[in-house]
Amino acid sequence: MRVLGLDFGDKTIGVAVSDPLGWTAQGVEIIKRDNPQEFKKCMRRLTEIIEQYTVDTIVLGYPKNLDNSEGERCQKTNVFAKKIEGRFPKIPLVLWDERFSTIAAERALRMADLSHNQRKSVIDKMAAVHILQGYLDSIQRSPERNGEKQYE
């Protein structure tokens, strides 16, 4: 099982991937976009990554507001999600609440004593790691994943 985690932004897409057992997330890269409306180049790169890692699930960070409402960032993310679903129809796409992922990534990078420029160059990739790790942790805790029967 390999899961791909994405942190979608206007200019970049942070990319992370799980280990084969689905326990940990590792940062892969940042895909840069010159134009917020341009998706062809990033879709080509995502195709390469999905094939390279044999991805079977995609987790896309969903940037809800603190009050749980959906703003402009969610609308843009939904457009990108539709493009992913159209390009990779056989791979399930999960929208994952990404509130605080960038803050958590920033805090971790500050603790690592990286300069502002160093943090800026990797923040989106680290946010993708936080998004993906949150998802992986949630499925590790799920009763079905642990062989327990789930009751509704």
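Which residues does leucine 6 touch, not counting residues up to four places away in sequence? I looked this up before anything else. I took contact as heavy atoms within 4.5 Å. Leucine 6 touches Ile13, Gly14, Val15, Leu46, Ile58, Val59, Leu60, Gly61, Phe80, Ile84, Ala128 and Ile131.

Ground rules next. The model is predicted, so I note that local features need pLDDT of at least 70 and side-chain atom pairs pLDDT 80 or more, while totals for chains, interfaces and linings use all residues. Residues are numbered from 1 along each chain as its sequence is written, and side-chain values use heavy atoms, without hydrogens and water.

**Cores**

I searched for nonpolar cores: buried Ala, Val, Leu, Ile, Met, Phe, Trp, Tyr and Cys residues joined through side-chain atoms within 4.5 Å. Buried means under 20% relative accessible area, exposed over 50%, and partly exposed in between, with a 1.4 Å probe and protein chains only. The largest core has 21 residues. Leu4, Leu6, Leu46, Ile58, Phe80 and Ile84 touch the most other members. At least two residues each come from strand 1 (3-8), strand 2 (12-18), helix 1 (40-53), strand 4 (57-62) and helix 2 (72-87). I use DSSP runs numbered from the N terminus: helices are H or I with at least four residues, strands E with at least two. Helix 1 gives the most to this core, with 5 residues. I also find a second, separate core of 11 residues, including Val3, Ala16, Leu136 and Ile139.

**Salt bridges**

I counted a salt bridge when a side-chain nitrogen of Lys or Arg lies within 4 Å of a carboxyl oxygen of Asp or Glu. The whole structure has 6.

Lysine 76 meets aspartate 10 at 3.5 Å, N to O. Lysine 76 sits in helix 2 and aspartate 10 in the loop between strand 1 and strand 2, 66 residues apart. Lysine 76 is partly exposed at 29%, and aspartate 10 is partly exposed at 31%.

Lysine 76 also pairs with glutamate 72, with the closest N and O atoms 3.3 Å apart. Those two are 4 residues apart in helix 2, so about one helical turn separates them. Glutamate 72 is exposed at 53%. I find Asp10, Glu72, Arg73 and Lys76 linked in a network of salt bridges.

Glutamate 29 and arginine 45 meet at 2.6 Å, N to O. Glutamate 29 is in strand 3 (residues 25-32) and arginine 45 in helix 1, so the pair ties together parts 16 residues apart in sequence. Glutamate 29 counts as buried at 19%, whereas arginine 45 is partly exposed at 24%.

**Cysteines**

I looked for disulfides, pairs of cysteine sulfur atoms within 2.5 Å. The search finds 0. Cysteine 42 is buried at 1%. Cysteine 74 is buried at 1%.
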